[in-house]
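Here is a friendly walk through a two-chain model, written for someone who likes to know the cut-offs behind each word. Have the viewer open as you read.

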Amino acid sequence: MSFETAQKPSWFARLAHPGQFLAWTRPLLIPLALLSAGLFAAGMYLAMFASPEDYQMGDTVRIMYIHVPNAWLSQFVYALMAVSAIGSLVWRHPMADVSMKAAAPLGAVFTALALYTGALWGRPTWGTFWEWDGRMTSTLVLLLIYLGIIALWRAFEDPLRGGRVVAVFTLLGALNIPIIKFSVDWWNTLHQPASVFRPDGPRMPASILTPLLVMTLAFTVLFLTLHLASMRTEIRRRRAVSLERQRAAAQP
Amino acid sequence: MIDLGPHAVFIVAAYLGVFVAIGVLIALIVLDRRRVEKRLARLEAQGVRRRSAAG
């Protein structure tokens, strides 16, 4: 007869252990990168050659195939950071910190690209690059929040202490996500209301919806690839910081 | 070459901007990884090991 003296860690705890994370993510990076490249090739073909021009917007509708995925990722990445922030504050899991820190610059780039492509789409369709309306202003605020989070991470020498402060700030900033989402319903805006994620289904023909979904998937897989790669680098950076401290402590 | 109509400059600028930005982002992530790998290799060459690995 034998007695268990210690509980075995759960499969999730093992997966989320930094060393284990480095091991199981390593074989994923190249397949994910190749999948993303393949989806981009298919998406670009569909967006440029196999989709019609819009009866109102003409060819400028093709900007939608890169604008919507970036706008989607600007909010998805922030939602992921908010979930990681909860993981950091409630369970104090170091991988939640790593996930938050690795995601912030990616979210900032996708948000900046959503604003950039939106401005270039807005000029020929609305007659202006920019308007201080609810959707555009709240997305600009999101970019500023991302930049604030990146600056906060850089302000702390100790990533563990910094992680808790950033997590609180991230959760406060999450209030902006429903504002972005519902801004087109709450206020009169130049920006059109939701046309894909609607209770009654997408409001566009399959010839336009298909390239949009393929490009959205391509950008999302790209984000997952870059996020995993950045998380792996962040784990190694923390290892280096810890070794440098160990060396400093050992010196007389 | 596909005819993008009278607003081709906006469409091309949007796609070019997105793919250049993503290219720069990927390059920065790769460079960051190399910098951290070098930092770890330097520490290892100096004989600094994790306590858990030293035992």
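Where the two chains meet, 28 residues of chain A and 23 residues of chain B make the contact; two residues are in contact when their C-beta atoms, placed from the backbone, lie within 7 Å. On the side of chain A that touches chain B, helix H5 (94-126) and helix H9 (206-250) of chain A each contribute at least two residues. H9(A) gives the largest share of that side, 12 residues. By type, the residues on this side of chain A are 14 nonpolar, six polar and eight charged. Here Ala, Val, Leu, Ile, Met, Phe, Trp, Tyr, Cys and Pro count as nonpolar, Asp, Glu, Lys and Arg as charged, and the others, Gly among them, as polar.

Before going further, some bookkeeping. This is a predicted model, in which local features need pLDDT of at least 70 and side-chain atom pairs count only at pLDDT 80 or more, while totals for chains, interfaces and linings use all residues. Residues are numbered from 1 along each chain as its sequence is written, and chains are lettered from A and ligands numbered from 1 in the order in which they are written. The pLDDT is the predictor's confidence in each residue, from 0 to 100. Chain A has a mean pLDDT of 89, and 93% of its residues reach 70 or more. Among the elements of chain A, helix H1 (residues 11-16) has the lowest mean, 70, and H3(A) the highest, 97.

**The two chains**

Chain A has nine helices and zero strands, and chain B has two helices and zero strands. These elements are DSSP runs numbered from the N terminus: helices are H or I with at least four residues, strands are E with at least two. The C-alpha atoms of chain A fill a box of roughly 70 × 40 × 40 Å along the principal axes. Of the contacts in chain A between residues at least 6 apart in sequence, 78% join residues at least 24 apart.

Of the 252 residues in chain A, 36% are buried, and for the 55 residues of chain B the figure is 9%. A residue is buried if 20 or more other C-beta atoms lie within 10 Å of its own, exposed if 12 or fewer, and partly exposed in between, with C-beta atoms placed from the backbone.

**Two helices in detail**

The expected span below is 1.5 Å times one less than the number of residues in the helix.

| Helix | Residues | Span, first to last C-alpha | Expected span |
|---|---|---|---|
| H6(A) | 22 residues | 31 Å | 32 Å |
| H1(B) | 38 residues | 55 Å | 56 Å |

In H6(A), the buried residues include Gly134(A), Arg135(A), Leu142(A) and Tyr146(A). The buried residues of H6(A) pack against helix H4 (64-90), H5, helix H7 (159-173) and helix H8 (176-186) of chain A. In H1(B), Phe10(B), Ile11(B), Ala14(B), Tyr15(B) and Val18(B) are buried, and the buried residues of this helix pack against H4 and H5 of chain A. Just after H1(B), Gly47(B) has a positive phi of about 85 degrees.

**The core**

Which residues have the most contacts inside the largest nonpolar core? They are Ile63(A), Val77(A), Met100(A), Met215(A) and Ala14(B), in a core of 55 residues. H3, H4, H5, H6, H7 and H9 of chain A, together with helix H1 (8-45) of chain B, each supply at least two of the core residues. H5(A) provides the largest share, 16 residues. Such a core is a set of buried Ala, Val, Leu, Ile, Met, Phe, Trp, Tyr and Cys residues joined through C-beta atoms within 7 Å. Beyond its neighbours within four places in sequence, Met215(A) is in contact with Gly43(A), Ala47(A), Tyr65(A), Ile66(A) and Pro69(A).

Asn70(A) sits in helix H4 of chain A. Why does Asn70(A) count as buried? Because 24 other C-beta atoms lie within 10 Å of Asn70(A). Not counting residues up to four places away in sequence, Asn70(A) touches Phe110(A), Leu113(A), Ala114(A), Thr117(A) and Phe219(A).

Arg26(A) lies in the loop between helix H2 (18-25) and helix H3 (29-48) of chain A. With 11 other C-beta atoms within 10 Å, Arg26(A) is exposed.

Arg92(A) belongs to the loop between H4 and H5 of chain A. Arg92(A) is partly exposed, because 13 other C-beta atoms lie within 10 Å. Its phi is near 50 degrees, a positive value in a residue other than glycine. Most residues other than glycine have a negative phi.
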